[in-house]
Number of protein chains: 2
Amino acid sequence: MEDVARLAGVSSATVSRTLRGLPNVSDETRDRVLQAAASLSYVVSPIASRLASGRTHTVGVIVPYAARWFFGQIVAGAESVLREHGLDLLLYNIGDVAARQRFFGQLPLRRRVDAVLVVAMQFTDPETADLRSLGVPIVAVGHDVPGAGCVRIDDVAAATSAIQHLLGLGHRRIGMISTYADQAMFLPVAHERRRAYLDTLTAAGLPVCDELVMSVPHGLDGGEQAMRRLLTLPDPPTAVFAESDELAFGALSALRRTGRHVSVIGFDDHELSALLDLTTVRQRVFEQGVLAAGMLRRAMTVSDWTPEELLMPTTLVLRASTWPVAVRTASTG
Amino acid sequence: MEDVARLAGVSSATVSRTLRGLPNVSDETRDRVLQAAASLSYVVSPIASRLASGRTHTVGVIVPYAARWFFGQIVAGAESVLREHGLDLLLYNIGDVAARQRFFGQLPLRRRVDAVLVVAMQFTDPETADLRSLGVPIVAVGHDVPGAGCVRIDDVAAATSAIQHLLGLGHRRIGMISTYADQAMFLPVAHERRRAYLDTLTAAGLPVCDELVMSVPHGLDGGEQAMRRLLTLPDPPTAVFAESDELAFGALSALRRTGRHVSVIGFDDHELSALLDLTTVRQRVFEQGVLAAGMLRRAMTVSDWTPEELLMPTTLVLRASTWPVAVRTASTG
DNA sequence: CCCTCGGATGTAAGCGTTTGCAAGGTCGGT
DNA sequence: ACCGACCTTGCAAACGCTTACATCCGAGGG
């Protein structure tokens with residue numbers, strides 16, 4: 001920077017001001033500095049800049065399972081807008097208990113980020129307090145974190161519409177495949193969707209049968225396993241609501257391999273759902289990442305930002321994996 | 001840090017040495033410092049530390065399409081080992097021409113990372129030179145970058161084995177679905193797999209028919225489109241090799257919707273391939289991310305590191321999407 | 001008993017920016 | 001011609017560490 005200043009015949013302060021596009025620099029000087037910087041192919045050291053200014057220009061993104069489709073979409077969406085504004089994205093994948101403990105034990109985000117994006121994770125109170133202690137704005141995607149901004153869908157309403165779709169088709173014995181509620185890695189959406197399932201059945205005057213609610217690890221294997229277990233019941237369900245499309249895929253697989261017929265509805269509208277003709281609840285995941293990043297940007301720039309809440313719409317996408325209860329029952333029964 | 005030093009009754013230099021685990025500190029002093037730091041819940045500012053030491057403890061990861069399964073796996077794999085060693089992962093998604101130009105125009109990695117991980121991207125010579133000019137070690141996953149370390153599979157051999165599997169089943173008219181070779185976003189694996197296809201057919205004494213080689217955008221839609229076009233040929237193929245499982249999924253979809261029967265073999269062993277009974281070439285993607293990150297670590301710590309090359313094995317996974325040419329041809333006439 | 005050597009600690013000079021403050025200049029108004 | 005307001009620019013002090021170098025001290029060796 002000294003070199004550029006010398007070449008342009010100004011002080012380093014002026015170079016700094018010019019390069020950051022601050023107003024109080026005359027056009028003439030500006031040109032001279034820019035030219036000098038270009039000829040030396042100089043770029044400011046982001047690190048020194050951060051030390052001096054106190055702003056890190058970095059956003060920490062915390063996800064439980066970076067490799068899953070949903071989280072990949074969110075991260076990609078957020079990355080696209082953060083990058084566009086010159087912000088760095090620091091990814092923390094804390095899906096297992098060890099990583100999580102390490103994360104909250106040493107809180108590596110301290111003094112390192114200007115904002116935090118939390119994706120579909122529920123924290124304990126002390127953990128939330130730790131996060132707050134960072135003193136930076138927080139935005140959550142997929143669920144609420146007290147005191148933080150939030151971009152999400154109405155999980156309860158969306159799941160309810162799924163169940164009502166099945167009820168509308170005449171199903172009365174409806175199962176659910178949900179993820180195992182690991183006490184340490186509790187995922188809030190799992191809880192809400194299961195609650196919607198229970199409440200909607202109850203509201204419809206149907207009994208709630210515990211044996212119809214499967215708790216399995218997330219993923220294809222989990223879904224397959226769950227459906228196989230449901231099929232062995234003395235009175236198996238005629239329809240099943242899966243907490244996510246990936247679980248639904250597994251369920252479909254089990255059905256195909258066993259030759260049985262059960263309506264299946266998923267949740268997410270994963271890119272492969274159309275291929276598998278899975279009826280599902282669509283949410284726009286990538287876009288939620290985009291919007292969350294936008295909110296973060298606002299939180300970082302506006303001085304008196306207060307947490308916003310953005311509710312994204314969902315749609316029921318009807319495909320061939322659900323059908324009226326009578327049809328197949330009659331033909332196979 | 002001053003505060004800690006005062007509380008422990010030592011100088012800030014000693015605090016610094018203690019906190020970084022340097023040797024020349026007496027046990028007694030060490031304890032005192034650690035205790036003081038703990039009681040003040042003090043952590044060093046990574047930014048100041050970086051400025052002073054010149055090391056960024058950060059790895060830049062460059063991917064073309066962060067949201068795709070393959071890249072998600074690689075990133076997750078790399079993240080897991082980098083995080084474990086306290087290194088940050090800076091993600092750059094430069095899948096479109098604009099992002100790419102911006103990236104190489106301002107080279108935001110300059111002065112910002114200690115190493116770079118490039119995932120399955122081919123660069124022009126000037127771009128490679130730009131990357132080199134960062135002066136940090138580079139490791140590539142999925143392909144070679146001159147002068148860089150490399151973790152990959154033998155794409156040609158793997159693709160050849162796929163074609164030979166089809167040949168062994170008696171197929172003589174074999175199509176290929178590959179991605180459109182956008183001049184700006186050229187993906188090296190696409191080229192290699194296509195080459196293997198052509199060479200293997202030629203070596204088997206078969207003619208190469210241009211109309212059997214489809215070039216489409218990556219993804220399900222691309223695959224579906226390609227298969228539909230292949231099916232409209234006067235003499236359609238009896239088997240098709242898809243450059244990736246996602247393309248193969250699209251192809252399967254087209255087949256299902258049209259009720260036609262064509263053997264399909266994919267590449268990757270995507271997690272959904274088992275579900276769709278797709279015969280494919282398996283590579284361990286997550287693990288490649290892990291290994292690449294390990295190599296980066298070595299490159300950053302060993303002073304005289306020279307690029308290593310790691311070749312990962314692949315396996316042909318036989319499932320129900322490929323069958324001997326005679327069977328279905330006879331039954332469907 | 002003096003000298004040397006090595007380990008533990010302190011001192012202070014960076015690292016490369018940003019930014020509050022002050023200085024100098026220009027300009028319109030009186 | 002003088003004053004104040006405003007804009008441009010420079011000065012220099014942070015920012016919070018790391019590290020080369022100096023210092024101090026006790027232990028051996030001669």
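1. A residue counts as buried when its relative accessible area is under 20%. In this predicted model, A36(A) has a relative accessibility of 3%, so A36(A) counts as buried. The residue lies in helix α3 of chain A, which covers residues 27–39.

2. What does A36(A) touch, once its neighbours within four places in sequence are left aside? The contacts of A36(A) are V4(A), L7(A) and A8(A). Take A8(A) from that list: A36(A) and A8(A) are 28 residues apart in sequence, while their C-alpha atoms are 5.8 Å apart in space.

3. E79(A) sits in helix α5 of chain A, residues 69–84. Is E79(A) buried or exposed? The relative accessible area of E79(A) is 2%, and the cut-off for buried is under 20%, so E79(A) is buried. With neighbours within four places in sequence set aside, E79(A) is in contact with L89(A) in chain A, and with L91(B), Y92(B) and N93(B) in chain B.

4. T128(A) belongs to helix α7 of chain A. With a relative accessible area of 10%, T128(A) is buried.

5. Helix α6 (residues 97–106) and helix α7 (residues 125–132), both of chain A, have axes 10 Å apart and meet at an angle of about 50°. Because of that angle, α6(A) is oblique to α7(A). The crossing of α6(A) past α7(A) is left-handed.

6. Which residues make the contact between α6(A) and α7(A)? On the α6(A) side they are R100(A), F103(A) and F104(A); on the α7(A) side they are E127(A), D130(A) and L131(A). By type, the residues of this contact are three nonpolar, three charged and no polar.

7. In soluble globular proteins, nonpolar side chains tend to be buried together. Here the largest nonpolar core has 152 residues. Which of its residues touch the most other members? They are V119(A), M227(A) and F241(A), together with V119(B), M227(B) and F241(B).

8. Not counting residues up to four places away in sequence, V119(A) touches V61(A), I62(A), V63(A), P64(A), F70(A), F71(A), I74(A), V141(A) and H143(A).

9. Two residues deserve a check of their backbone angles. Most residues other than glycine have a negative phi. R111(A) is not a glycine, yet its phi is positive, at about 60°. R111(A) is placed in the loop between α6 and β3 (115–119) of chain A. Its relative accessible area is 43%, and R111(A) is partly exposed.

10. D268(A) is the other residue to check. D268(A) is not a glycine either, and has a positive phi of about 135°. Where is D268(A) placed? It is in strand β9 of chain A, residues 263–268. At 5% relative accessibility, D268(A) counts as buried.

Conventions. Residues are numbered from 1 along each chain as its sequence is written. Chains are lettered from A and ligands numbered from 1 in the order in which they are written. This is a predicted model: local features need pLDDT of at least 70, side-chain atom pairs count only at pLDDT 80 or more; totals for chains, interfaces and linings use all residues. Side-chain values use heavy atoms; hydrogens and water are left out. Axes are lines fitted to C-alpha atoms, for helices over the stretch in contact, and angles run from 0 to 180 degrees between N-to-C directions. Helices (H or I, at least four residues) and strands (E, at least two) are DSSP runs, numbered from the N terminus. Angles under 35 degrees count as roughly parallel, over 145 as roughly antiparallel, 65 to 115 as roughly perpendicular and the rest as oblique. A crossing is left-handed if the near helix is turned anticlockwise from the far one by less than a right angle, and right-handed if clockwise. Contact means heavy atoms within 4.5 Å. Ala, Val, Leu, Ile, Met, Phe, Trp, Tyr, Cys and Pro count as nonpolar, Asp, Glu, Lys and Arg as charged, and the others, Gly among them, as polar. A nonpolar core is a set of buried Ala, Val, Leu, Ile, Met, Phe, Trp, Tyr and Cys residues joined through side-chain atoms within 4.5 Å. Buried means under 20% relative accessible area, exposed over 50%, partly exposed in between (1.4 Å probe, protein chains only).
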